[in-house]
Amino acid sequence: MNSGSANWDSHYKRVKDDVTFEKFKDHYDEKSPYMKRMVKYAKGKKRSLEFGSGKGGLSLILKRKYPEIDVHLVDLEKDAIDFSKQLFNHYNFDAKFHMDDFLKMPFSDGYFDFVHGNTALEHVEDTRKAV
């Protein structure tokens, strides 16, 4: 996978204060067609995986809508995982964070009943394997 870590490392380090978290909350429009579909398809699910989670915004929306869902976020970048942890902590949401390649996760098939990601597959060489 091509992570481009130099660009993302500095990005995550710049956006870790409380003011940014409050602005970040409004960054994702829960009324956009994409978010509406994601929330609709997640209804009734027990365990979700956000691959290439970056800041974790998609999973944050799921936790706000469905607090009972067991949310897992995976990203290759330590700064992305650190940011996500702080973001979830800021809003008092629980989640599980994995700094790993989502193609090599140690979960059995069917462990997650909802898998989603945004702007991650273009970084994968073998998209058939990823899907």
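Below are my entries, going from the whole fold to single residues.

**Entry 1: the overall plan**

I began by noting that this is a predicted model. I then looked up the elements and found six helices and four strands in the protein. Reading from the N terminus, I wrote down the order α-α-α-β-α-β-α-β-β-α. Next I checked burial: of the 131 residues in the protein, 39% are buried. I also looked at contacts with a separation of 6 or more, and 66% of these join residues 24 or more positions apart.

**Entry 2: the sheet**

In what order do the four strands lie in the sheet? I read it as β3-β2-β1-β4, an open sheet with parallel pairing. The edges are β3 and β4 (114-116), each of which pairs on one side only. From one strand to the next, the twist averages 15 degrees.

I went through the pairs in turn. β1 and β2 run parallel and are joined by five bridges. β2 (residues 70-75) and β3 (residues 96-99) are also parallel, with four bridges between them. For β1 and β4, again parallel, I noted three bridges.

Then I picked out some partners.

**Entry 3: the crossovers**

I followed the chain from β1 through α4 to β2 and noted a right-handed β-α-β crossover. A right-handed β-α-β unit is also made by β2, helix α5 (residues 78-90) and β3. I looked at how α5 sits: this helix lies across β2 and β3, running at about 170 degrees to β3.

Is helix α4 (residues 57-65) mostly covered or mostly open? I found it mostly covered, with seven of its nine residues buried. The buried ones are Gly57, Leu58, Ser59, Leu60, Ile61, Leu62 and Lys63.

I reminded myself that two packed helices are described by the angle between their axes and the distance between the axes. For α3 (residues 33-42) and α4, I noted an angle of about 55 degrees and axes 10 Å apart. I listed the residues that make the contact: Tyr34, Met35, Met38, Val39 and Ala42 come from α3, while Leu58, Ile61, Leu62 and Lys65 come from α4.

My next stop was Ser53, in the loop between β1 and α4. Is Ser53 buried or exposed? Its relative accessibility is 5%, so Ser53 counts as buried, the cut-off being under 20%. Leaving aside neighbours within four places in sequence, I found Ser53 in contact with Leu73, Val74, Asp75 and Ile81.

I then turned to Lys45, in the loop between α3 and β1. At 30% relative accessibility, Lys45 counts as partly exposed. Not counting residues up to four places away in sequence, Lys45 touches Ile69, Asp113 and Phe114. I also looked up Lys45 and Asp70: they are 25 residues apart in sequence, and their C-alpha atoms are 8.8 Å apart in space.

The phi of Asn92, however, is near 55 degrees, a positive value in a residue other than glycine. Asn92 has a relative accessibility of 69% and so counts as exposed, since the cut-off for exposed is over 50%.

Note on methods
Residues numbered from 1 in each chain as written. Predicted model: local features only at pLDDT ≥ 70, side-chain atom pairs only at ≥ 80, totals over all residues. Heavy atoms only, no water. Pairing = 2+ DSSP bridges. Helix = DSSP H or I, 4+ residues; strand = E, 2+ residues; numbered from the N terminus. Right-handed = clockwise from strand over helix to strand, strands pointing away. Buried < 20%, exposed > 50% of the residue type's maximum accessible area, 1.4 Å probe, protein only. Axes fitted to C-alpha atoms, helices over the stretch in contact; angles between N-to-C directions. Contact = heavy atoms within 4.5 Å.
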